[in-house]
Amino acid sequence: NNPVTHERGRKRPSAETLEEDVGNEVQKMLQELEVDIKQALLAKRKMFEMNAKASVKTTNEKIEHVWKIQQEERQNLHLKYSQQFLTLLWEWDTDMRKTQEQEEKLAGMFREQRKILQQARVVQNQRLQKIKNLYEQFLKSMQDLEKEHEHLLADEQNEVREEMTKLQNKIMMEAQRQELAIVQKSLHSLLF
């Protein structure tokens with residue numbers, strides 16, 4: 001713990017003092033280093049801030065420039081296509097109106113044709129009914145005529161039979177009279 005004497009006769013500082021001196025030196029060096037580091041960091045920070053501001057400004061200018069260009073391109077594109085769309089939509093609307101008019105005309109024609117066909121069907125049904133009625137009348141007339149012909153034929157046959165019977169009776173009576181006359185003549189000639 002006592003100070004050690006140096007070779008040349010000077011006193012050597014003790015370990016504690018040496019340690020304190022070294023500690024103080026280190027403390028002083030650390031403080032200076034801290035100041036240097038702070039100054040360097042401050043300078044770097046200022047430089048970084050300046051660079052960052054410059055970079056942000058440049059980036060903002062570039063973004064604004066790009067945005068303006070894109071805005072102009074979008075407006076140009078919008079103008080170009082909006083005019084085409086308007087033209088096409090106008091043409092489409094015109095075509096739709098024409099199509100609707102054509103549909104209405106066709107619907108009217110269809111209704112008219114349907115009415116004509118319905119009327120024609122009614123007329124055809126009436127004519128068909130007339131044909132059917134006429135055919136039924138024809139069949140009835142034919143049946144009535146057949147019955148009448150059968151009656152007439154039966155009546156004629158009866159008359160012919162009656163006439164035949166009368167004629168046969170007449171012939172038989174004439175034959176009997178002639179035979180009687182012959183017999184009378186024969187008897188008369190035999191007797192006289």
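E174 is partly exposed, with 34% relative accessible area. The model described here is predicted. The partner of E174 is R177: their side chains meet in a salt bridge, 3.1 Å from N to O. R177 is exposed, at a relative accessible area of 51%.

In total, the structure holds three salt bridges. Side chains of opposite charge can pair when their charged atoms come close. The table lists the pairs.

| Salt bridge | N to O distance |
|---|---|
| D93 and R97 | 2.7 Å |
| K140 and D144 | 3.4 Å |
| E174 and R177 | 3.1 Å |

Take D93 and R97 next. They are four residues apart in helix α1, so about one helical turn lies between them. D93 is partly exposed, with a relative accessible area of 34%. R97 is partly exposed too. Its relative accessible area is 41%.

K140 and D144 are also four residues apart in helix α1, and about one helical turn separates them. D144 counts as partly exposed, at 37% relative accessibility. Its salt bridge with K140 has the closest N and O atoms 3.4 Å apart.

One further residue is S55. S55 sits in helix α1, which covers residues 15-191. With a relative accessible area of 40%, S55 is partly exposed. Where does W67 lie relative to S55? W67 is twelve residues from S55 in sequence and 17 Å from S55 in space, C-alpha to C-alpha.

Methods
Residues are numbered from 1 along each chain as its sequence is written. This is a predicted model: local features need pLDDT of at least 70, side-chain atom pairs count only at pLDDT 80 or more; totals for chains, interfaces and linings use all residues. Side-chain values use heavy atoms; hydrogens and water are left out. Helices (H or I, at least four residues) and strands (E, at least two) are DSSP runs, numbered from the N terminus. Buried means under 20% relative accessible area, exposed over 50%, partly exposed in between (1.4 Å probe, protein chains only). A salt bridge is a side-chain nitrogen of Lys or Arg within 4 Å of a carboxyl oxygen of Asp or Glu.
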